[in-house]
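Please keep the sequence and the model open while reading.

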Amino acid sequence: SWGRLGVTVILSTPPWCPIPGSEMILLWLFLAFHVAGGFRAPVQQGVYQLTSGLEMQTLSSTPANAEGPRVVFVHGSNHGAWCWAEHWFGFFAERQHASVALNLRGTSGAYPPQGYNGGKKKVPLADHMADLASAVTLSTQEAGEDGIVLVGHSFGAFLLMKFMETPTARSLVQAGAIKGLGLLCSVPPVGSSPQVRRMLLSKPVLAFQVTWGLAAKKVLESVSLCRRCFMDDAMPDELVEKYMEQLRKDSDYGLDLKEINANLPIQTASDDNGVASWIASETNRDGLPSDAILVLGASEDVLVDPVGVQATADFCAVKPVLLDGVHHDVMLDTGMWEVAAGVVAEWAQRIKLRQTSRQ
């Protein structure tokens with residue numbers, strides 16, 4: 001890093017070749033700025049006024065030296081924008097990437113009005129699509145010519161695959177506003193049912209713990225079960241409890257799984273190979289190029305196994321990245337979140353370089 005480079009310059013400068021006094025002062029100021037976190041942009045709270053009238057609270061981070069496409073993060077079930085700000089905002093800011101994290105409808109950051117959906121504690125798929133269309137459009141307007149890359153996790157990644165089918169997404173891709181799509185530990189385009197069946201055959205006890213824990217929301221009550229589903233064994237109980245407190249705030253509403261299973265992304269595949277219809281091909285010149293798509297999985301993920309990761313990769317016509325020793329919540333994983341963030345940042349950097357070379 002620049003900080004280590006500066007220290008090396010100071011320590012390795014021989015006495016017969018001193019750094020001039022004024023330059024030494026500037027170098028020490030530079031190092032002090034770095035050590036104090038000067039390259040870490042502060043996390044800002046914001047609000048997107050959606051076309052539906054709903055207010056979506058956002059978290060964002062924009063370093064002064066930001067370059068390239070803005071990273072738009074979309075969380076999964078039971079989570080919120082906060083999960084990206086915990087570690088990844090600072091990581092991306094240090095690499096000159098601006099970030100914004102959305103709060104999906106039904107979370108504490110986008111809570112529906114009283115009487116919403118007839119009092120049912122489920123958010124219809126159509127409402128998620130409308131919210132994403134509005135929020136992503138606003139994000140592209142803020143990003144300007146640099147455009148954005150979308151990065152979703154778990155069910156957030158699944159919703160982004162559905163969003164890519166919409167006229168809004170196709171228009172933004174065609175206009176060059178959406179530069180890339182990252183799918184992290186995504187619910188596969190074939191849904192979760194095949195994963196549950198595989199787990200029932202290979203690990204029936206774990207299958208019961210996971211399905212019961214999620215369906216009955218026991219993951220919000222039990223530290224051990226929450227850790228088993230989302231976190232890692234090295235995470236201290238106190239930190240798991242801290243995250244559980246936030247998870248509870250964001251779990252009042254859920255997805256309509258019956259509706260989700262009736263509208264799986266695989267059902268709109270463009271050909272017999274099961275590739276997404278919104279990916280660029282000989283017959284779809286305006287689609288998103290497959291080399292702008294990242295599919296990432298985690299070897300210790302009990303919610304999305306390697307077979308599920310491969311299903312998403314096949315749907316996107318790419319080779320997946322499977323991180324060894326990482327758990328479902330890749331953005332929070334103790335000691336390993338930086339590994340996952342590094343893969344995503346390198347992918348975003350490649351998109352930025354490709355964008356620069358075309359200018």
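How much space lies in the largest pocket? The volume comes to about 980 Å³. The model is predicted, and every value below is computed from it. The chain has 359 residues, and 50% of them are buried.

**Overall fold**
- The chain contains 14 helices and ten strands.
- Of the contacts between residues at least 6 apart in sequence, 72% join residues at least 24 apart.

**Largest pocket**
- The lining consists of 44 residues. Those that lie nearest the centre of the pocket are S77, F155, L214, L255 and L257.
- Two or more lining residues come from each of these elements: β5 (122-123), α6 (155-163), α8 (193-202), α9 (204-215), β8 (254-255) and α12 (257-261).
- Helix α9 gives the most to the lining, with five residues.
- By residue class, the lining has 19 nonpolar, 19 polar and six charged residues.

**Largest nonpolar core**
- This core holds 105 residues. W84, W88, L150, F163 and W278 are the ones with the most contacts inside it.
- Helix α14, spanning residues 337-358, gives the most to the core, with nine residues.
- Which residues does L150 touch, leaving aside its neighbours within four places in sequence? They are V72, V136, L160, F163, M164, I178, G180, L181, G182 and W347.
- F163, in contact with L150, is itself among the core residues with the most contacts.

- Are the faces of strand β4 (residues 99-102) covered or open? Both are covered: S99 and A101 are buried on one side, and V100 and L102 are buried on the other.
- Strand β2 (residues 55-61) runs antiparallel to β4 and is joined to it by three bridges. Here L59 stands opposite A101 of β4.
- Strand β3 (residues 70-74) runs parallel to β4, with four bridges between the two strands. Here V71 has S99 of β4 as its bridge partner.

Conventions:
Residues numbered from 1 in each chain as written. Predicted model: local features only at pLDDT ≥ 70, side-chain atom pairs only at ≥ 80, totals over all residues. Heavy atoms only, no water. 1 Å grid on protein atoms, 1.4 Å probe; cavity = no way out; pocket = protein on both sides within 12 Å on 5 of 7 lines; lining within 4 Å. Points joined across faces, edges and corners; volume = space filled by probe spheres on them. Nonpolar A, V, L, I, M, F, W, Y, C, P; charged D, E, K, R; others polar. Core = buried A, V, L, I, M, F, W, Y, C linked by side-chain atoms within 4.5 Å. Buried < 20%, exposed > 50% of the residue type's maximum accessible area, 1.4 Å probe, protein only. Contact = heavy atoms within 4.5 Å. Pairing = 2+ DSSP bridges.
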